[in-house]
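Dear colleague,

I am passing the structure below on to you, together with some notes on its charged side chains. Please read them alongside the coordinates.

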Amino acid sequence: EDTAAVPLKAFFGDLLNRPVRRKNYPIMLVSPQINLDQLLAIHNAMKYPVAYIQGPPGTGKTNTIINTIATAFFNERTVLFASYNNHPVNTVFEKLLSMEYRGRRIPFPVLRLGNVDKIREAILYIRELYLKTQSVNVYESTLDKDREGRIERAKRLSALLKKYEDVLELKERGETLERLLEYQGRMGISMEMLPFQADLQGRQLEQVRRRIDQAGEITDKEAFSLLDNDMEELRKYFFYTSARYIKRLEKDEFKDLRQIIFEKEEKEQTDAFVKYLSETPNIKKLQKVFPIIITTCISAHRLGDPTPMFDMVIMDEASQCNTAVSLVPIIRGENLMLVGDPQQLNPVILLDELADLKLRRKYHVTEEYDYCRNSIYKVFLACDAVSDEVLLRSHYRCNPKIIDFNNRKYYIY
């Protein structure tokens, strides 16, 4: 239906037109190690309703996610970050908590939820943040003096990244033409195919090469010049803006939450907070204090009704997440960023293959939705013909010769 969120339309193959570009969002980097592919990934995630980020091992997927969350926070967008298991969820949460400004931990408004133990930890964490920010004086006039400048640079960066994306597409097209010509050369060519080969080599390939030359080389340095590089000023902004979010707990609309956090006994407190989280209006209120919420896919069912409540959902390790569990967080977001690598192992599914086949036949489930064979990442790629996938190409982890073999064998770059 027209009322369905765009990610669900993409999942069911109903996203038929390329989404219209929205406004340009300033990109904020709390982790300075970044490259053009990661910038393009953040840019697409902020600008389009659905973005796919393919990250082979060691290409900075977590770094990209951290910077996307920071960018969303700066642009006042709410985020639900989820993954199938606790490891990626905890990694991102801990990195966000580790940010500091002049030796003090930034009280970043991110809330880690999950099972009952995590709920209990969250209660203590909210109490701690609330008490620590009581003494922080926030002066609105000093929070963001250069907002107009940031917006202008964001427009220029958006245009540069579009140019970079176009060059990548041209290079891929050129490589495809070259492989086709190479294949024809090995197989021999008939007289009937000579005009086709001449067109490939003499017109199409030459046209692609000419357009690449006209575009010129887009460098990391050129892109970085359009980003905020004053990390001290950015951390200051994050410190005081984060404190402002937490201090909203003092308002009357959070009286019921303060009672849960400070007045109830432990068991009663946990039960009351679980009930609080189960009501959609409370989630929308909670987002005013904690715009970033982190949990596992399955535990996202605790968050209100299964309707879009977050501006965006970010899912890590999406190529290892099964379809059923992944949809729990996905249906709670207006937009979606899937991060994964379909070249790695599929999810571990315990359903017997014969039972899977019988269920598919009984309910007329097509191959792209095969529960045993496809991750949520593969399902979306198979069903969504219009959204872009960004490949993270730069590797930071192992010897270049090793990763070069891996790239040629599995990723063709």
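Which kind of contact do the side chains of Glu353 and Arg373 meet in? They meet in a salt bridge, 3.7 Å from N to O, the term meaning a side-chain nitrogen of Lys or Arg within 4 Å of a carboxyl oxygen of Asp or Glu.

As for provenance, this is a predicted model, in which local features need pLDDT of at least 70 and side-chain atom pairs count only at pLDDT 80 or more, while totals for chains, interfaces and linings use all residues. Residues are numbered from 1 along each chain as its sequence is written, and side-chain values use heavy atoms, with hydrogens and water left out.

Glu353 counts as exposed at 55% relative accessibility, and Arg373 is likewise exposed, at 52% (exposed is over 50% relative accessible area, buried under 20% and partly exposed in between, with a 1.4 Å probe and protein chains only). Asp370 and Arg360 also form a salt bridge, at 2.9 Å from N to O, but here both residues are buried. Glu353, Arg360, Asp370 and Arg373 are linked in a network of salt bridges.

Among the 14 salt bridges that the structure holds is the one between Glu253 and Lys288, whose closest N and O atoms are 3.1 Å apart; Glu253 is partly exposed at 31%, and Lys288 is partly exposed at 39%.

Arg77, by contrast, is buried and has no salt bridge, Asp311 being the nearest side chain of opposite charge at 4.7 Å (Lys and Arg count as positive, Asp and Glu as negative, with His and the chain ends not counted). The side chain of Arg77 does reach the backbone oxygen of Met46, at 3.1 Å.

Note on methods
Polar contact = N/O pair within 3.5 Å; in protein donor to acceptor, adjacent residues only side chain to side chain.
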